[in-house]
Amino acid sequence: MIGAYYDTAFDAAQAQGLPVETAADYAASAFLDGKPTRQGKRKSSGAGRHAAFWASGFLRTLPVQAWQQESLGLALARYLGQDRFACPDIVAHVAKLAPDVLQQAARHAGLVLRQDSARWREMEALADSQPETFFEFVQLFRIFKQAHRLRVDEIERLRQPLASLTPLDLLAYASLYAFEHLLPDLLAGRDMPKAPHAQEVWDAVEDILAWKLGTCDAAGLRLTDTAIAASLRQHLTPFLFPSSEAPGPRHDLYAAFAALLDAQIELDAFISRSAEAFSYDDGIRFVRQGERLEIIEVDAQAQAAWRSDGDKLNRLHQYWLYRGMDALMVSPELLALVSPAHLEANLQAFAKALGTWLRLQEVYGVAEQVRSEAGSSVDVFRALLATELMTAFYIEDFLRPYHQHLQQLGHPWLALGRLAFGGLLQPAMQNRFPVTWSDRAAKIARITPWTVTPEHPQGQARAADAILDFWTSDWDALSVQLREGNIALRPRWQERPVLKMGRHLFQLPWMMAVQNNATAAVNNLRRLGARRNEARDETRRIEERLGTLFERRGFRVLVGHDLPSGASDDADAGEIDLLCALEGHLLILELKSTYQRRSVKDAWMHRTSTLRKAGWQLHKKVPAVRHALRRDAALRHALALPPEAEPQITAWIIDTSIEWDHQAFRGFLKVSLEEIQIALRDDRRWLSDPEGLFRAACVGDATTRLAADSEPIDTLYPGGFSAKQFIEVIETAAVWTGTA
């Protein structure tokens, strides 16, 4: 019965002689991991698990030090983060025993932005029953609530002048804003210390459009050529081609859009830098000074680690670009496809696509073909190449001439008008407006030449059609989901930058020209497509490809090894992702494959779910492997471990994301998969050495173009590779030293 599950787990741990704190930790970890998964023949519900866990008798007997463990604090945060089940007596109990634990759980539950929740009312009542402990805490929340309400009310007010506009109308004003406020400084290479970062503007525009898609009339998305022309004639072309005869520009609507955008940026910044920082950033603390809050840094090391992880991610983007450049230079077949028009931009597009393709293969286990949501089979490299060539096209045919016109004319809209007019004068009347559009057939015809292969020298329309499916966000369908409130995962428009309204496809040159297509591709597949049928096969390929890298270094490797029944006292040890043995060392590796995050909330969720669970899994697997090695001669033989000596065991969590790099989870080091690969390939130089791009390099696969007897450049192993030295390289983060 689920009702006794957690008490039974607690009692079983104590029967093994474990301390009460450890027994409570085991039971709470089972709850956090969603156990039990079934209740008889039925799946267990989240509410059912909450009811069973919080009814457990052992919780009311725990000492304060037991509640101070991460697992119990996270269990409290799970309780406070839901409204399906109520157990106010546990809140009152922990409030008296360990109030600091309860306060942290309330923060981690995100209650600061959910103060209409029944769980918050349980917390709020503590300000009366225990004012000395909770009054100040509740006051902090109330200040946040007031500040959030003011910003939300301001946005509601500023939306009113734009309520009748269509999504396309708003795209026109967003484009005017981008060309006026973002691109001039970006193109001139100037910093924008007082202006929002471009990503913040994109995110805010995306939020505004999500509001519009969730409230607009469906007819506003079924666009015809006539409807498009009418929208742009009213909201865009008067700014580009001013005339005394035609209606003038709607400066009032543009100003209204800019005001709403500023307010949305402010709200988003408040949520990410204040509310979510308060909730999920344990490196800072908020203190009340009258009616305002001040931030105090309490863990400078944690703040530095967060910045360091971001720097590492930037270096990895550079690493894969250089790998792509090198691969391109040794591929005559691909070089022959590079158009001589805008040669440098097209070469870079091919190199970026190759680098991202290598990354998707080696880090994320992606196959050559994947299925789009529409069901079509997509050639992944050609899809990557298409989006990079789109970017190159928008840079060369939009941004560069726009910048030249801007320097000559001095005003962004006059420059935009000159750009658009120049397109109309071309023989084929090229669209050079800040929003581009075409029907699907025309888009397929344009993409088809980018699908050329030796087997299909003219390209394939079917392949181009599949590429469009891969990169398209269907705004008709998205609008329905937003209106009905049943969308669990909203695609970011950078992840799927081809916007479908009716039978027309729209793109934004100002976004496509500067966005990171590599991140877009990774998150298209790993965030939006996490539940694809192919995801499990990709996980297995990640394990196998990493195992192959270890084998090339002389390790004996077992991939996906199941311990035989009875090999361990812990029947729940599970599958071992990778066992790698060499020179008396045994590596036990737990692999996790996710996506690239960018918010402190998403990173915290990753740490307290995926990585916490990975640490718990290794906590069980390491003793299980140790036990199996003593009893299973076949396992020792498969790993070439001598029977008379105990191997030196090292266990790591290997993760495709960079967050929480080189931090410990239950004592086990978390390392990025890319760091492991770079250390095994010994090609750290690609992180920072473009001058060594085409010189002989370290041993590896064909993409590194090595001479067998060449001396590695900037090697991590000056005395030669060994298991001991490899472990030291990883544990000291040597891959990242000396790179800038």
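Me: How many residues in the lining of the largest cavity are nonpolar, polar and charged?

Reply: This is a predicted model, and in it the lining of the largest cavity divides into 7 nonpolar, 1 polar and 2 charged residues. Among the lining residues are Leu 209, Ala 210, Trp 475 and Pro 491, and residues of these types count as nonpolar. Glu 206 and Arg 490 also line the largest cavity, and Glu and Arg count as charged.

Me: Which elements give two or more residues to the lining of the largest cavity?

Reply: They are helix H12 (198–215) and helix H23 (475–484), and H12 gives the largest share, with 4 residues.

Me: What makes a space inside the protein a cavity?

Reply: It is called a cavity because a 1.4 Å probe fits there but cannot get out. The search of the whole structure finds 2 cavities of 30 Å³ or more; about 90 Å³ of space lies in the largest cavity, while the second largest cavity has a volume of about 60 Å³.

Me: Which classes of residue make up the lining of the second largest cavity?

Reply: That lining has 4 nonpolar, 3 polar and 4 charged residues, and its members include Leu 313, Arg 359, Thr 656 and Glu 674.

Me: Why is the contact between Asp 83 and Arg 114 called a salt bridge?

Reply: The closest N and O atoms of Asp 83 and Arg 114 are 3.1 Å apart, and the rule asks for a side-chain nitrogen of Lys or Arg within 4 Å of a carboxyl oxygen of Asp or Glu, so the pair counts as a salt bridge. By this rule the count comes to 44 salt bridges.

Me: What does the pair of Asp 83 and Arg 114 tie together?

Reply: Asp 83 lies in the loop between helix H5 (70–80) and helix H6 (88–97), and Arg 114 lies in the loop between helix H7 (99–108) and helix H8 (118–124), so the pair ties together parts that are 31 residues apart in sequence.

Me: Why is Asp 83 described as partly exposed?

Reply: Asp 83 has 44% relative accessibility, and because buried means under 20% and exposed means over 50%, a value in between makes Asp 83 partly exposed. By the same cut-offs, Arg 114, at 21%, counts as partly exposed.

Me: Where do Asp 153 and Arg 149 lie, and how far apart are their closest N and O atoms?

Reply: Asp 153 and Arg 149 both lie in helix H10 (residues 131–159), 4 residues apart, about one turn of the helix. Their closest N and O atoms are 2.8 Å apart, which is within the 4 Å cut-off.

Me: How do you know that Asp 203 and Arg 598 form a salt bridge, and what does the pair tie together?

Reply: The closest N and O atoms of Asp 203 and Arg 598 are 3.0 Å apart, and the cut-off is 4 Å, so the pair counts as a salt bridge. Asp 203 lies in helix H12 and Arg 598 in the loop between strand E13 (585–592) and helix H27 (600–631), so the pair ties together parts that are 395 residues apart in sequence.

Me: In what sense do strands E3 and E4 pair?

Reply: Strand E3 (residues 284–289) and strand E4 (residues 292–297) pair in the antiparallel sense over 6 bridges, where at least two are needed. Arg 285 stands opposite Ile 296 in E4.

Terms used: Residues are numbered from 1 along each chain as its sequence is written. This is a predicted model: local features need pLDDT of at least 70, side-chain atom pairs count only at pLDDT 80 or more; totals for chains, interfaces and linings use all residues. Side-chain values use heavy atoms; hydrogens and water are left out. On a 1 Å grid over the protein atoms alone, a cavity is a set of points where a 1.4 Å probe fits but cannot get out, and a pocket is an open set with protein on both sides within 12 Å along at least five of seven lines; lining residues have an atom within 4 Å of a point. Grid points are joined across faces, edges and corners, and a volume is the space filled by probe spheres set on the points. Buried means under 20% relative accessible area, exposed over 50%, partly exposed in between (1.4 Å probe, protein chains only).
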